[in-house]
Amino acid sequence: MKLSLSALETFLKQQCDALRTSMDAAEYKDYIIAMIFIKWANDNFAIQQKAYAERLRSEHKDLSDEVIDSEIEENNTDIYSFYVPIEARWNIKKMPAFYADKKLEERGDAEKIANDTTKSQAEIKEAKEKIRECEDLLNWRGLLVCTENIGAALTRALRQLETANTKTLDGVLKSINFNKLNGKGERILSDELLSTMIKDFNKYTFTEDNFEFPDLLGAAYEYLLKFFAESAGKKGGEFYTPAPIVELMGKILQPAQNASICDPTVGSGGLLINMKNFVEARYGSAKNLHICGQEVIDGTYKMCKMNMLFHGITDANIQLGDTLLHPKHVINGELEKFDIVVANPPFSQNYTKKDMEFPERFSSFWMSPKKQADFMFVQHMVAILKEDGRMAVVMPHGVLFRGGEEMRYRTHLINEGLLECVIGLPEGLFYGTGIPACILIINKKGASGRNGVFFINADREYKEGKNQNVLRPEDVEKISYVYLNKSEIEKYSRFVSKEELEKENYNCNIRRYVDNTPPAENQDVYAHLHGGVPVKEIEDLSQFTKCYGNIEKAIFEFHHSEHSEESYMNFAEGIFIKDDIKTKLFDYAGYKKTRTEYDSILKNFWKSACEEISKLPETQDVYDLQKKLTSMFSKALVKKQNPVLDEYQSRGAFAQYLEDLKSDFKSIAASGWNATLIPDEIILESQASDILEQLRDKKARRDEINEKFEEVAKFDDEECDEEFDEDLYDVFPKKITKEYKDTKKDLSTQIKTLKKCVKDNVGRIKAYKKDKSSDNSKVITELEELIKLNNNTLSELNNQVEAIDAKLKHNDDLEAERTKLTKDINATEKSLAEIANKAREKISSEDAKELILSIGYTRLSDTINEYLDSHIRKLQQLIEGIYDKYTVTLGTMISERDKAVTELDSFMKELGYEC
């Protein structure tokens, strides 16, 4: 059975969980990525080597097996994607004769040196080490069967892999050390853990013919990067741009089939990968793209290189270095130019001019070296754009309105027609910073005729998350559609002329031109005094109520008052408390009719969609299918009068739905109706529901404990200026735990010293008492006083140790519980995976197709129903707000106050007080 994306993601998550108990994501991510690469390289090398041997036998029938065995061990880049040296092999069934001979010869040479008395001690020592190495390698049978010093073996394997494939892997693998020690000199990764890890990886074959679709490993790697970024917290922003931002920038730039693309602050490469995916989806192939990038952080550079390789981009030119100081993409002494430049640079960085290459990039616009490198990155990007090139860059809002050199450069961008669009984004979208950001779109094509800047203010349209906000599919769709069509929408987007910008001193603060501040809440004085609901406020709900017929009639009725019976209404009969509003809304026939209509639209659409999806194993064109389905869905929804979903929501919702199903579509296109597309949960609900319930409970408890430790992790950051308060948190940060343990260690040393002192003094007293030759009573008394004093001190020290133990006990208990839960969860998931796989084997292709299509409809229905539910809830909240505002009048409040005062007076009189 082929490997599905969900199965691979689950497996990789389990491997992360196995490592995260002893280190954080910043540490273990390198080990996970390295293991994936070693296994992937070995699996593909084995297939390519076997195919090469068969080809040699077919084309050269006179060649002996010995010659063929020798030939296929040559490092031939035309044959092998990656040559895997013997020292890096996964499993060696037969040691190549040439290699054994080579090691025997090396050992013989080393033995001669070791036995040569004329050689220096250093030379003899080196020779003996070489002898041990040769003997070890003569017995080497691969990583799979390695039982000791596994960390050293994996580290050696990575170095050998890089050495053998320098052109592609230079600087990527050699620094990863599986044999790393902690502060106590102990290995972080034990042989037991690494052996288990290798055996787990051995269960899967990482080759294209075993994947449900060709780019499966690349998709799984993207999942891992997101997981690492979420786990790394603030540091996640160093290498990862959130997927919706990546998607948005791809929709904005839309590179051509043969475009040259560069990301000068490439991070882990997500923006470049998205450009490649866009071209591949639209044109069927991305082989003519020229992809370049540069990254300053070594670890992130390695992640990016791996990302490219796992996505099949072997010719990407990714360089390591500081883009501002030493740009690496140079041709004939000049900066290379690109059609598309895209980037998410680090915000508000320092920079230096010292030893800077190509300073002419910055013309006369030199920003302050302290915390103002933002526009320096922009200038570099403009400098490497072709004359008709386009670029999109994420920037902090400060660049839009700060004065000085930044104002001068803004003026230049606007007057030269380079700045085409400014897009304001919501706050809290990016890892590492909560501040709002913007996207600057610079377009050299048509710059001379550009008479202003197009502004989009999208900072209020997003989904709020617990730790991070996200752009919803409809937000991405709306921004990209409005930009591409230059649509002007009130309180959302507007074209601003150069003249208007000049009057504002080239201040590009977005709200200055597109103010989306919500109107002040209506407060009707008459309604507050006398009751009733202003008709005007009911009419303001029409954008919601019109979707459900005359639903407002179920909530409101006319209020006859002396003020004006046409201007105010009452809440309808049957609404006695606020909760009755929900009941009225959900029971209204117009609401039920709307839900039924959408249900009917979806069912009719899905019937036609299934016919198109069923052709996928034959057509194998996922992009064309997505285009057809999108068109069909738009036509289906356009028939609905007074729709609940606006055009952006419907397009965005369906775009997200297709994105979620993209890997499934790829699998169907490549492998047909495979039962591996059926999620484990669906199979297990009927096979092991009780175990699933227990697993959910354990995961919930583990996550609860993880949250406690993650909540205090910020106090371990050296930059954190907030003081830790033990009373506010359930656990301690690592730094505080270490301080307590160090204190306990010091106390224990003092206790040990004092106990020895007491013991010695007790012995001295005994000796003095035995000595009858002199009067030792005074000395004995002094010693007894000293012992008493020491015992008191010991008691105090022991109390302090007990207090520390008591403080740490809960912390340690939670750590132990988390470790046990993780172990139990891994074991349970392993057993459940086996149950699911056995059940899957019994599912026929036709049954799988029926179930997969059923799951597809359920997902679509759930997606649309989520929007419908959100819409009616919003209407409910607005009406409840009106209820809270006007139900209790001023007269009622005064009456209740007077009643309370009268009641208080009577109580005071009963107590003997006269008011």
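Me: Are Y240 and Y431 buried or exposed?
Reply: The model is predicted, so local features need pLDDT of at least 70 and side-chain atom pairs count only at pLDDT 80 or more, while totals for chains, interfaces and linings use all residues. Residues are numbered from 1 along each chain as its sequence is written, and side-chain values use heavy atoms, with hydrogens and water left out. Buried means under 20% relative accessible area, exposed over 50%, and partly exposed in between (1.4 Å probe, protein chains only). By this rule, both Y240 and Y431 are buried.

Me: Why is the pair of Y240 and Y431 classed as it is?
Reply: Rings of Phe, Tyr and Trp (its six-membered ring) pair if their centres lie within 6.5 Å; planes under 30 degrees apart count as stacked, over 60 as edge-to-face and the rest as tilted. The ring centres of Y240 and Y431 are 5.7 Å apart and their planes stand at 65°, so the pair is edge-to-face.

Me: How many residues apart are Y240 and Y431?
Reply: Helices (H or I, at least four residues) and strands (E, at least two) are DSSP runs, numbered from the N terminus. Y240 belongs to the loop between α9 (216–232) and α10 (243–253), and Y431 to the loop between β8 (419–424) and β9 (437–443). The pair thus links distant parts of the chain, its members lying 191 residues apart.

Me: What kind of aromatic pair do F715 and F724 form?
Reply: Both F715 and F724 are buried. Their rings lie 5.2 Å centre to centre, with 75° between the planes, and the pair is edge-to-face.

Me: How many aromatic pairs does the whole structure hold?
Reply: Ring pairs also build a cluster, which links F605, W606, F633, F654, Y657 and Y857. A search of the whole structure gives a total of 41.

Me: Which ring does the charged end of K486 sit over?
Reply: A charge sits over a ring if NZ of Lys or CZ of Arg is within 6 Å of the ring centre and within 35 degrees of the ring normal. The charged end of K39 sits over the ring of F206, 5.9 Å from its centre. For K486, the distance to the ring centre is 3.9 Å, and the ring is that of Y483.

Me: Which strands stand at the edges of the open sheet of 9 strands?
Reply: Two strands pair if DSSP finds at least two bridges between them. The pairing in this sheet is mixed, and the strand order is β3-β2-β1-β6-β7-β9-β8-β10-β11. Each edge strand has a single partner strand, so one side of each is left without a neighbour in the sheet; these strands are β3 (317–320) and β11 (493–497).

Me: In β11, which residue is the bridge partner of G452?
Reply: Strand β10 (residues 452–457) is mostly covered, with 6 of its 6 residues buried. With β8, β10 runs parallel over 4 bridges, whereas β10 and β11 run antiparallel and are joined by 5 bridges. The partner of G452 in β11 is S497.

Me: What handedness has the unit made by β2, helix α12 and β3?
Reply: Strand β2 (residues 290–295) and β3 pair in the parallel sense over 4 bridges, and G293 stands opposite I318 in β3. A crossover is right-handed if, with the strands pointing away from the viewer, the path from the first strand over the helix to the second runs clockwise. With α12 spanning residues 298–310, this β-α-β unit is right-handed.

Me: What angle does the direction of α10 make with that of β7?
Reply: Contact means heavy atoms within 4.5 Å, and α10 packs on the sheet by touching β6, β7 (385–396), β8 and β9. Among the buried residues of α10 are I245, L248, M249 and I252. Axes are lines fitted to C-alpha atoms, for helices over the stretch in contact, and angles run from 0 to 180 degrees between N-to-C directions. The angle between α10 and β7 is about 155°.

Me: What distance separates the C-alpha atoms of C547 and V644?
Reply: C547 lies in the loop between α20 (542–545) and β13 (556–558), and at 4% relative accessibility C547 counts as buried. Beyond residues up to four places away in sequence, C547 touches T594, N642, P643, V644 and H871. C547 and V644 are 97 residues apart along the chain, yet their C-alpha atoms are separated by 5.8 Å.
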